[in-house]
Amino acid sequence: NDWSVSDALAPQTWPLPPGRSLVSIDPVIHRLRLAEANFPAQRRDLSFESNAFEHGEAWEAAKRWVEEFRDHYVTDLRDFVDYPDDKTQIGKGLLFIGFPGAGKTSLACATAIETYYRWPRIYPYFITMPDYIHAELNSDNDVVFYEQLLHVYEAPVLVLDDVGKEH
């Protein structure tokens, strides 16, 4: 790698459209990276500015989480002294709970995508729980399964969708 952890955790700050990074300037690259990260096509353009969201408590928590991502991100390349004084924030994630159709998946995708915009070297990954279980139980090719498992375990921002009882 030719970049360090501090590079990865440095937000984009130079003159760009408000709230956007270099990644979002080229929409083709943006969509390809999100496709590689398994995000559903209909969710790849979501952001906190989308009209799809009510600006409620979950939306505020998600925005705050993205802004404070550096405090949550855990890596073995980072010295312990570089973490925040409040160690309870290390590794902190989000869990969206609600009725079907409430917008949990959209908000989770928007949160991951906004993290990717703000911290461009942090790549999110999306997988549904049924797909994950199906891959685990029906994998004829161990290499394919372990590759998917590696994505899940190494993703700094993971959207694990459809965990609920309806499946």
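Close-up 1. Glutamate 136 sits in helix α7, which covers residues 129-138. This is a predicted model, so keep that in mind for every close-up here. How exposed is glutamate 136? Its relative accessibility comes out at 43%, so glutamate 136 counts as partly exposed; the cut-off for exposed is over 50%, and for buried under 20%.

**Close-up 2. The whole chain, for orientation.** Zoom out for a moment and you can count 8 helices and 2 strands in the chain. Going along the sequence, the elements come in the order α-α-α-α-α-α-β-α-α-β. The chain has 167 residues, and 37% of them are buried.

**Close-up 3. The salt bridge between arginine 31 and aspartate 45.** The structure has 2 salt bridges, and this view shows the one where the side chains of arginine 31 and aspartate 45 meet, at 2.9 Å from N to O. Arginine 31 belongs to helix α3 (residues 27-36) and aspartate 45 to the loop between α3 and α4 (57-67), so this pair ties together parts of the chain that are 14 residues apart in sequence. How accessible are the two partners? Arginine 31 has 29% relative accessibility and so counts as partly exposed. Aspartate 45, at 53%, counts as exposed, because the cut-off for that class is over 50%.

**Close-up 4. The salt bridge between glutamate 67 and arginine 118.** Here glutamate 67 pairs up with arginine 118, and the closest N and O atoms are 3.5 Å apart. Which helices does the pair link? Glutamate 67 is in helix α4 and arginine 118 is in helix α6 (residues 104-118), so to speak two distant parts of the chain, 51 residues apart. Glutamate 67 counts as partly exposed, with 48% relative accessibility. Arginine 118 is partly exposed too, with a relative accessible area of 26%.

**Close-up 5. How α4 and α6 cross.** Stay with the two helices that carry glutamate 67 and arginine 118. The axes of α4 and α6 come within 9 Å and cross at roughly 25°. Angles under 35 degrees count as roughly parallel, and α4 and α6 are therefore roughly parallel to each other. As for handedness, α4 and α6 make a right-handed crossing.

**Close-up 6. How α3 and α6 pack.** Helix α6 shows up again, this time with α3: the two pack at an angle of about 125°, and their axes are 12 Å apart. That angle makes α3 oblique to α6. Is the crossing left-handed or right-handed? For α3 and α6, right-handed.

**Close-up 7. A nonpolar patch on the surface.** Which residues form the patch? Leu158, Leu160 and Val163 do, and together they have about 230 Å² of accessible area. Look for valine 163 in the segment after β2 (157-161). With a relative accessible area of 51%, valine 163 is exposed, since the cut-off is over 50%.

Notes
Residues numbered from 1 in each chain as written. Predicted model: local features only at pLDDT ≥ 70, side-chain atom pairs only at ≥ 80, totals over all residues. Heavy atoms only, no water. Salt bridge = Lys/Arg side-chain N within 4 Å of Asp/Glu carboxyl O. Helix = DSSP H or I, 4+ residues; strand = E, 2+ residues; numbered from the N terminus. Buried < 20%, exposed > 50% of the residue type's maximum accessible area, 1.4 Å probe, protein only. Patch = residues over 30% accessible without salt bridge, like charges linked within 9 Å, V, L, I, M, F, W, Y side chains within 5 Å. Areas by Shrake-Rupley, 256 points an atom, 1.4 Å probe, with all protein chains shown as cover. Axes fitted to C-alpha atoms, helices over the stretch in contact; angles between N-to-C directions. Parallel < 35°, antiparallel > 145°, perpendicular 65-115°, else oblique. Left-handed = near helix turned anticlockwise from the far one by under 90°.
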